[in-house]
Amino acid sequence: MNPYILATLLFSLILGTTITFTSSHWLLAWMGLEINSLAIIPIMAQHHHPRAVEATTKYFLTQATAAAVLLFASTTNAWLTGQWDIYQMSHPLATTVITLALALKLGLAPLHSWLPEVLQGLDLTTGLLLSTWQKLAPFALLIQLAPGNSPLLLVLGLSSTLIGGWGGLNQTQLRKVLAYSSVAHLGWMTLVVQYSSSLTLLTLLVYMVMTTSTFLLLKINKAANINALAIAWAKTPILTALTPFILLSLGGLPPLTGFMPKWLILKELTDQGLAPTATFAAMTALLSLYFYLRLCYAMTLTMSPNNIHGTTPWRLKSRHITYPLAFSAAATISLLPTTPALTSLFSI
C-alpha cells in the first residue's frame, strides 16, 4: 500500500476514535465510530487475498449493522426523552439496544461469532489493530452507559468469559485462539465496568499490552497454527523461552502481570456482594488457561515432524523491529509488583 494512503488511513483511524472519545452527543459518537470503521476496511483488504476480502466483508456488514442499530436506538431515545446527550440516557429500551449494539461492535458473547472468522482472514499486524485499537471507542461509550444496565452487563460478561474459554479449547489456528481470548478478556472488563470504570481501563490497558506481545511474537515466528509453534525453539530460542511467560500472563497466573486485573476484578465483585459471579468468572478462567497451556506445551515440549536431516533450520538475521516486542514482553511479564502504584494512579 502507498505510504501516503496508509498514513491517511491511520490518521482517519485515530481521528474517528478521538471524535468518539470527546463527544457528548450521540450523532458525533456515531460519526466517530463510522470514520473509525471505514478507515480500517482498506487496511484489512490491502493484500487482495480472497480470505482477507471475505473477512473484510464480514467485518463491514457486522459493523454497519451495529452502527445502524446504535443510530436507531439513539434516535428512539431522542424521540422518547427529547435529548441526545450520552450521559443522560434514561429510557431502558434505548439503553438496552445501544448496549447490545456496542456488544456487537466489540465482539461480546453471544454476539461474538464474527470475530474469530474475521481475525482468521487477516494478517497478524491488522489482527493486532483489530484486537486492540478498535476496542477503544466502543468501550468508551459502554463505560458511559454502564450505570443503568446492571443485569444485562453481568449476563454479557459471564457469557463472554464462558464462551471465550470454551470456544478456544478445540482451535488449532492461532488467530482464532487469540480471538476467543479477546472475547474472554472483554467479558472480564464488562463484568466490572458498572462498578469501577477506572479498573476497567486498567484491565483494558493490561490486555492491550499482553495481546500486543502475543501478536508480535507470532509474527516474528511466522506462526499461523499450533504445529508451526513446534519448530519455534530452533528459530528463536530466547524468544521461545519467554513465550510461556507471556501466554501464562494472558491466562492470569501469578506472579505475572495478567494476574493483576483478574485479582482486582474478583475483589471488586466480592465487595459488591457478587461472590457467586466472581466464583463463576474464576472457574471460566480455567478454560482459557487450558488452551494457553496447550500453546506452551506445543511450543516448548514438542517437535514438528519433518524430513529435514538437520535439527536446526537456517537462522537468518531477522528484519523485524523487535523493540516494541521487547517493551511489551517486559511489561507483560513483570508489572505485577507495580500494582499498588497502578491502583493509586487509576484511583482504584
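Arg51 and Glu54 sit in helix H3, three residues apart, which is about one turn of the helix. Helices here are DSSP runs (H or I, at least four residues), numbered from the N terminus. The two residues form a salt bridge, with their closest N and O atoms 3.7 Å apart. A salt bridge means a side-chain nitrogen of Lys or Arg within 4 Å of a carboxyl oxygen of Asp or Glu. Arg51 is partly exposed at 23% relative accessible area, and Glu54 is partly exposed at 36%. The classes are buried (under 20%), exposed (over 50%) and partly exposed in between, using a 1.4 Å probe and protein chains only.

The model is predicted: local features need pLDDT of at least 70, side-chain atom pairs count only at pLDDT 80 or more, and totals for chains, interfaces and linings use all residues. Residues are numbered from 1 along each chain as its sequence is written, and side-chain values use heavy atoms, leaving out hydrogens and water.

Glu117 is partly exposed, at 28% relative accessibility. Glu117 also bridges to Lys176, with the closest N and O atoms 3.3 Å apart. Arg51, Glu54, Lys58, Glu117 and Lys176 are linked in a network of salt bridges.

Next come the domains. The chain is divided into domain 1 (1–148) and domain 2 (158–347); these bounds come from an automatic or database domain assignment. Their C-alpha centres lie 24 Å apart. In domain 1, 24 residues are in contact with 30 residues of domain 2, where contact means heavy atoms within 4.5 Å. Together the domains bury about 2,400 Å², 75% of it on carbon and sulfur atoms. Buried area is the accessible area (1.4 Å probe) that two parts lose on being put together, summed over both. On the domain 1 side, Gln120, Leu124 and Phe139 lose the most area to domain 2, together 26% of what that side buries. The rule finds one salt bridge across this interface.

Finally, look at another helix. Lys267 and Asp271 are four residues apart in helix H14 (residues 259–271), about one helical turn. They form a salt bridge with the closest N and O atoms 3.2 Å apart. Lys267 is partly exposed at 48%, while Asp271 is exposed at 52%. The structure holds six salt bridges.

Methods
Helices (H or I, at least four residues) and strands (E, at least two) are DSSP runs, numbered from the N terminus.
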